[in-house]
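I opened this model to go through its loops, cores, rings and strands. My notes follow in the order I took them.

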Amino acid sequence: MNKSHSYFTLLDALREPECPVCTLVVDDGRAYLDHLLYESVLDVPTRMRLRESFGFCSWHTGQLSSLPPICAPSEGFAIFASDLLRKLDYVGRDIIQRQPTWKWKSWFKKTHGRLLALIKQRPCPACDHVKQFETYHLKDLLDAIGDKEFFDAYEAARGICLPHLLIMEELYSSHPNFSLLSEVQLAKAKSLRVTLEEFIRKQDCRFRDQMTAEEAKSPKAAMEFLVGRPGIFANEMEHDLFQRAGVKKLPLVEPRPAWSSFLSNGRLELEARLKSAAHVALYLRKPLPEILFQSIRQVGKDSARGTIEAVVEDLPDVGYLRSLHSANFEVFYGIGLPPQTIIIVDRIKGWVLEEDEKSSTWRLRPLKNAEDLSLTMIWHKFGNAVSLQGVVNQRDCAKKLFCVVTEGKREQWCRLNDPAANKIPGVGANVEIFGWEKWYTRIVEVLELKFLEATP
């Protein structure tokens with residue numbers, strides 16, 4: 001046979017005292033975490049996936065502490081954990097605000113809105129990774145067992161565990177080498193049983209001094225043979241969080257109906273809701289029509305009555321972003337927003353703003369899933385718009401960074417979004433900055449820079 005890299009990897013794994021496939025699955029998980037923490041801690045798509053899975057499972061979280069210091073596992077996990085706790089805070093507070101009389105016990109009885117289903121939308125990404133490679137290892141093992149060198153090494157080793165044998169039988173029972181491997185496994189099981197019986201017999205004080213090292217280790221060997229290495233195969237308490245979540249993929253926006261099916265009073269209904277609204281959330285990829293912007297702005301003018309959140313993505317108009325910020329909107333940097341503009345009022349009623357390209361007009365379509373969508377979208381925030389003034393006290397031209405000290409003595413590092421448009425200000429410059437404070441870097445990405453006159 002063609003001896004590939006996987007052949008020799010399996011051959012090396014046979015020298016370990018555990019199931020070789022379990023050994024490789026553990027190594028695959030550790031390698032995945034190693035790469036992720038070393039290369040992708042600040043990668044936005046990775047952070048999005050980890051928010052959706054609500055981090056790693058218990059097994060892979062436990063593996064983090066075994067990673068080498070160069071991966072900075074504690075620092076990397078702290079970054080991810082901060083994201084997850086922020087998401088939990090968003091979801092929990094949003095639920096409490098929408099139901100003032102809400103109680104944990106009664107709320108968990110709901111079938112469509114459990115906290116677990118709202119914070120965990122996909123399984124552990126490390127488990128997804130190793131599960132795929134697990135099937136490759138089993139197939140490679142079956143291919144390799146037909147080679148005499150590998151077969152001899154396999155006979156001398158402990159062999160695979162029973163759970164992996166069962167998975168192999170389920171996936172590859174038609175493989176020409178499956179019967180051969182099964183015969184070897186049954187022989188190993190019988191040998192292990194004989195060793196266990198000797199271990200049991202020698203618990204008698206008359207024979208205890210006759211116990212061999214292999215017999216003394218046989219109970220542990222039997223545990224791993226019957227159930228695999230700890231952590232790889234789930235228990236039966238139904239604590240698989242992803243399965244318990246019963247996640248159904250929620251579309252960000254429902255399919256667009258024919259224009260004739262739009263409610264004629266969509267705008268009127270929105271304006272009526274805005275008069276008593278306590279909270280409005282906007283998800284924007286382009287500016288709102290001016291008349292709609294002014295209607296929504298009224299909510300923000302009465303700060304005692306309501307708040308407006310505007311989550312924007314790929315919106316390059318800095319002047320418009322400033323106008324949102326100046327209108328007392330809480331402006332957030334968003335990722336993964338729907339293509340259409342979404343407006344959600346008081347977290348329970350929502351509309352899609354869509355344009356008719358033929359007539360160049362816009363209309364509002366009511367959302368059926370507004371309440372669920374509001375809970376899905378609140379953690380698509382990755383930063384917020386900030387406006388600050390201060391004096392530059394440090395700069396790093398090589399990294400295009402400069403540090404501003406505000407009146408409150410806060411030091412904030414900044415980076416120009418477009419270095420071609422502005423030069424890095426010199427030390428001592430009095431500046432005004434508008435930009436994004438991105439939570440995954442804690443550096444303000446400067447969208448607009450103004451030089452102010454020095455204060456007397």
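I started with D314, which I found in the loop between β2 (307-312) and α16 (318-326). Helices (H or I, at least four residues) and strands (E, at least two) are DSSP runs, numbered from the N terminus. The phi of D314 is near 55°, a positive value in a residue other than glycine. Most residues other than glycine have a negative phi. I looked up the accessibility: D314 counts as exposed, at 60% relative accessibility. Buried means under 20% relative accessible area, exposed over 50%, and partly exposed in between (1.4 Å probe, protein chains only).

A note on sources: the model is predicted, so local features need pLDDT of at least 70 and side-chain atom pairs count only at pLDDT 80 or more, while totals for chains, interfaces and linings use all residues. Residues are numbered from 1 along each chain as its sequence is written, and side-chain values use heavy atoms, with hydrogens and water left out.

I then went to D346, in the loop between β4 (341-345) and β5 (349-356). Phi is positive at D346 too, near 55°. D346 is partly exposed, with a relative accessible area of 24%.

Next I listed the cores. A nonpolar core is a set of buried Ala, Val, Leu, Ile, Met, Phe, Trp, Tyr and Cys residues joined through side-chain atoms within 4.5 Å. The largest one has 36 residues, and F329 is among those with the most contacts inside it, as are V280 and I343. I checked what F329 touches (heavy atoms within 4.5 Å). Leaving out residues up to four places away in sequence, F329 touches L282, F293, I296, R297, I308, A310 and L324. A second, separate core has 31 residues, including L11, A13, L24 and I145.

How many aromatic pairs does the structure hold? I noted 8. Rings of Phe, Tyr and Trp (its six-membered ring) pair if their centres lie within 6.5 Å; planes under 30 degrees apart count as stacked, over 60 as edge-to-face and the rest as tilted. F56 and F80 pair edge-to-face, at 6.4 Å centre to centre with 80° between the planes. F56 lies in the loop between α3 (44-53) and α4 (58-63) and F80 in helix α5 (residues 73-98), so this pair ties together parts 24 residues apart in sequence. Both F56 and F80 are buried.

F332 and W439 are also edge-to-face, at 6.3 Å and 70°. F332 is in strand β3 (residues 330-334) and W439 in the loop between β10 (430-438) and β11 (443-451), 107 residues apart. F332 is buried at 11% relative accessible area, and W439 is buried at 12%.

I looked for charges over these rings (NZ of Lys or CZ of Arg within 6 Å of the ring centre and within 35 degrees of the ring normal). R86 lies over the face of W439, at 4.3 Å from the ring centre. The charged end of K381 sits over the ring of F332, 4.5 Å from its centre.

Last, I took strand β9 (residues 411-416). Its covered face has Q412, C414 and L416; its uncovered face has E411, W413 and R415. Strands pair if DSSP finds at least two bridges between them. β9 pairs with β8 (residues 401-406) in the antiparallel sense over 5 bridges, and V405 stands opposite E411. β9 and β11 run parallel, joined by 3 bridges, with R415 opposite E445.
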